[in-house]
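Student: Please take a close look at one part of this model and go through it step by step.

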Amino acid sequence: MKYIDATIKYLGYFTAFVVALLVLLVVYDATARYLFSTGSVALQELEWHLFDIVILFGIAYTLREGAHVRVDIFYASFSQKTKALINIVSSLFFVLPFSFLIIYIGIDFVSMSYLQNEASSNPGGLEYRFLVKSLMPISFVFLSLQAIRDAKTNFDAWRSL
């Protein structure tokens, strides 16, 4: 479990680095467009691709840090044992099945994009769209690993309470 924890932690660091790159790219793009009346379709598409990385890879890190959305108005008043049970059930019966579904569908989605050599339909856009599409199943593999880790951690906590 420590390998999963370390992997997701470093994935979070990588995502933070990508956010910094994205901010710099947006500042550059906006400056070039509004001050110098130039722009690049490829750079605008790269912004979207970096945003995809942030969202997709940030999911597992958010779950790791417990920063995901839940109905805290009820959850906060529950006992530790009830909280652990809710976390186990949500990991095993909601997060994992949904993740496995996205992985299963995503593999065909990426394969089709790769076989078609999908590229941007915009002139000057980016090629190899399957690379960014491959982030979807990969990110849900990370989310699945994190959900398994959380289920085990919460099961151990529930058992000890």
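Does Phe142 count as buried or exposed, and what is its relative accessibility?

Tutor: This is a predicted model, in which local features need pLDDT of at least 70 and side-chain atom pairs count only at pLDDT 80 or more, while totals for chains, interfaces and linings use all residues. Residues are numbered from 1 along each chain as its sequence is written, and side-chain values use heavy atoms, with hydrogens and water left out.

Phe142 counts as buried, at 18% relative accessibility; buried means under 20% relative accessible area, exposed over 50%, and partly exposed in between, with a 1.4 Å probe and protein chains only.

Phe142 belongs to an aromatic cluster with Phe14 and Phe57. Rings of Phe, Tyr and Trp (its six-membered ring) pair if their centres lie within 6.5 Å; planes under 30 degrees apart count as stacked, over 60 as edge-to-face and the rest as tilted. The count by this rule is 8 aromatic pairs. One of them is the tilted pair of Phe14 and Phe57, 6.3 Å centre to centre with 55° between the planes. Phe14 lies in helix α1 (residues 2-36) and Phe57 in helix α2 (residues 41-65), so this pair ties together parts 43 residues apart in sequence. Helices are DSSP runs of H or I, at least four residues, numbered from the N terminus.

Phe14 is partly exposed, with a relative accessible area of 39%, whereas Phe57 is buried, at 9%. The rings of Phe57 and Phe142 have centres 5.8 Å apart and planes at 85°, so that pair is edge-to-face. It links Phe57 in helix α2 to Phe142 in helix α6 (residues 135-160), 85 residues apart.

Technical notes. Helices (H or I, at least four residues) and strands (E, at least two) are DSSP runs, numbered from the N terminus.
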